[in-house]
Amino acid sequence: MPAACSPHHSVNTTVLLRTTLSLVCGTALGSQWLTVRHSGDCYTNNANSDQVAGHTLLDAQLIWQSSLGRFTLRGRNLTDKLYANWSGYGPTQLYLGAPRRVDFTFNRSF
């Protein structure tokens, strides 16, 4: 059974900015955040001969509150980094990481 793929280092940093910046027509800019996630190289076998390269990802979110409801713009892996994570099965079986993804959502309470 291969050893667990534990990266040499892993860092997650999030900057959260909460504002009540009033915009036009009763709207306000709400929370914004920026996250940097880094995972270092790791080996997938006990002999340390199969290595998965580390990766750094950038995510962000912006919330806009209006009288209509809450709009959220969210982006993941904004640099569109091609990366892989170890599957946990064989030493050469990897899962490709998610590509760049941007979504826009609307929430309204009634």
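Modeller: Let us start with a term: a polar contact is a pair of N or O atoms within 3.5 Å, where one must be able to donate a hydrogen and the other to accept it. Please keep in mind that this is a predicted model.

Colleague: Which backbone atom lies 3.1 Å from a polar atom of the side chain of Ser-66?

Modeller: That is the backbone nitrogen of Leu-68, at 3.1 Å from the side-chain polar atom of Ser-66. Ser-66 sits in the loop between strand S5 (55-65) and strand S6 (70-76).

Colleague: Is Ser-66 buried or exposed?

Modeller: Ser-66 counts as buried because its relative accessibility is 10%, and the cut-off for buried is under 20%.

Colleague: How do S5 and S6 run, and how many bridges join them?

Modeller: S5 and S6 run antiparallel and are joined by 6 bridges. Ala-60, for instance, stands opposite Gly-75 in S6. The hairpin has 4 residues between the strands, and Gly-69 takes a positive phi near 155° there.

Colleague: Which residues have a positive phi without being a glycine?

Modeller: Asn-77 has one of about 50°, and Asp-80 has one of about 55°. Most residues other than glycine have a negative phi. Asn-77 lies in the loop between S6 and strand S7 (84-86), and Asp-80 also lies in the loop between S6 and S7.

Colleague: Buried or exposed, in the case of Asn-77? And what about Asp-80?

Modeller: Asn-77 is buried, with a relative accessible area of 2%. Asp-80, with 39%, is partly exposed.

Colleague: Changing topic: how many salt bridges does the structure hold?

Modeller: The structure holds 3 salt bridges. In one of them, Asp-59 pairs with Arg-37, and the closest N and O atoms are 2.8 Å apart. Asp-59 lies in strand S5 and Arg-37 in strand S2 (residues 28-39), so this pair ties together parts that are 22 residues apart in sequence.

Colleague: What else does Asp-59 form a salt bridge with?

Modeller: Asp-59 also forms a salt bridge with Arg-76, where the closest N and O atoms are 3.9 Å apart. That pair links Asp-59 in strand S5 to Arg-76 in strand S6, 17 residues apart.

Colleague: Now the surface: which residues make the nonpolar patch?

Modeller: Leu-62, Leu-73, Leu-78, Val-102 and Phe-104 make a nonpolar surface patch of about 440 Å². Val-102 is placed in strand S9 (residues 101-107) and counts as exposed because its relative accessibility is 53%, where the cut-off for exposed is over 50%.

Colleague: Finally, what does the secondary structure come to?

Modeller: It comes to 0 helices and 9 strands. Of the 110 residues, 27% count as buried. The protein exposes about 7500 Å², of which carbon and sulfur atoms supply 59%. Among contacts between residues at least 6 apart in sequence, 51% join residues at least 24 apart.

How values were computed: Residues numbered from 1 in each chain as written. Predicted model: local features only at pLDDT ≥ 70, side-chain atom pairs only at ≥ 80, totals over all residues. Heavy atoms only, no water. Helix = DSSP H or I, 4+ residues; strand = E, 2+ residues; numbered from the N terminus. Buried < 20%, exposed > 50% of the residue type's maximum accessible area, 1.4 Å probe, protein only. Pairing = 2+ DSSP bridges. Contact = heavy atoms within 4.5 Å. Areas by Shrake-Rupley, 256 points an atom, 1.4 Å probe, with all protein chains shown as cover. Patch = residues over 30% accessible without salt bridge, like charges linked within 9 Å, V, L, I, M, F, W, Y side chains within 5 Å. Salt bridge = Lys/Arg side-chain N within 4 Å of Asp/Glu carboxyl O.
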